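Subject: Handover of a structure and notes on its contents

Dear colleague,

Please find below the sequence and structure that I am handing over to you. My notes follow directly after them.

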Amino acid sequence: MRMCRPCSAALESTRTALVEITGRLREDEYDMHSVPSDLRMSFMVMAEMARMMHLQGLDSDIEDLSKAFMDQVEPLHADLSEKCLGVQC
């Protein structure tokens with residue numbers, strides 16, 4: 001199936017992002033500090049897919065949801081990271 005150039009570019013950037021996220025998740029010791037960036041990238045992948053499928057407005061809705069969600073996650077992640085540093089094994 002032939003795709004227009006913007007769709008082809010969106011698909012390629014989506015594939016690259018998914019490979020990057022998958023690679024980090026497969027690491028033996030997943031770095032907790034990657035969680036916010038992986039969540040943000042996952043939302044970006046969904047937005048790219050919406051653009052690629054020409055679902056007008058859905059991409060901006062996903063980006064808005066991402067911002068609202070990440071505004072809640074990032075402070076929580078910072079608190080958890082700080083508490084984990086204080087845990088002695």
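From the N terminus on, the elements of the protein run α-α-α. The protein has three helices and zero strands, where helices (H or I, at least four residues) and strands (E, at least two) are DSSP runs, numbered from the N terminus. The model is predicted: local features need pLDDT of at least 70 and side-chain atom pairs count only at pLDDT 80 or more, while totals for chains, interfaces and linings use all residues. Residues are numbered from 1 along each chain as its sequence is written, and side-chain values use heavy atoms, with hydrogens and water left out.

Overall figures

Of the 89 residues in the protein, 26% are buried. Buried means under 20% relative accessible area, exposed means over 50%, and partly exposed lies in between (1.4 Å probe, protein chains only). The protein exposes about 6,800 Å², and carbon and sulfur atoms supply 60% of that area. Accessible areas come from the Shrake-Rupley method with a 1.4 Å probe; for residues, only the protein chains shown count as cover. Among the contacts with a separation of 6 or more, 56% are between residues 24 or more positions apart; contact means heavy atoms within 4.5 Å.

Helix α2 and what follows it

Helix α2 covers residues 35–52, which is 18 residues. From its first C-alpha to its last, α2 reaches 25 Å, close to the 26 Å expected at 1.5 Å a residue. The expected span of a helix is 1.5 Å times one less than its number of residues. The buried residues of α2 include P36, M41, F43 and V45.

Just after α2, H54 takes a positive phi of about 60°. L55 is placed in the loop between α2 and α3 (58–85), and L55 is partly exposed at 38% relative accessible area. Which residues form a nonpolar patch on the surface? M53, L55 and L58 do, with about 260 Å² of accessible area together. Patches are made of residues with over 30% relative accessible area and no salt bridge; like charges are joined within 9 Å, and nonpolar side chains (Val, Leu, Ile, Met, Phe, Trp, Tyr) within 5 Å.

I21 is placed in helix α1 (residues 5–26). Is I21 buried or exposed? I21 is buried, because its relative accessible area is 9%. Leaving aside its neighbours within four places in sequence, I21 is in contact with D38, M41 and S42. I21 and S42 are 21 residues apart in sequence, and their C-alpha atoms are 8.0 Å apart in space.

Salt bridges

A salt bridge is a side-chain nitrogen of Lys or Arg within 4 Å of a carboxyl oxygen of Asp or Glu. How many salt bridges are there by this rule? The count comes to four.

E48, R51, D59 and E63 are linked in a network of salt bridges. R51 and E48 both lie in helix α2, three residues apart, about one turn of the helix. R51 also forms a salt bridge with E63, with the closest N and O atoms 3.0 Å apart. R51 lies in helix α2 and E63 in helix α3, so this pair ties together parts that are 12 residues apart in sequence. Both partners count as partly exposed: R51 is at 32% relative accessibility and E63 is at 39%.

D59 lies in helix α3 and is buried, with a relative accessible area of 16%. The side chain of D59 makes a polar contact with the side chain of R51 (3.0 Å). A polar contact is a pair of N or O atoms within 3.5 Å; within protein, one must be able to donate a hydrogen and the other to accept it, and residues adjacent in sequence count only if both atoms are side-chain atoms. Not counting residues up to four places away in sequence, D59 touches A47, A50 and R51.

D71 forms a salt bridge with K67, the closest N and O atoms being 3.2 Å apart. Why are D71 and K67 separated by about one helical turn? The reason is that they are four residues apart in helix α3. D71 is partly exposed at 40% relative accessible area, whereas K67 is exposed at 54%.

Yours sincerely,
A colleague
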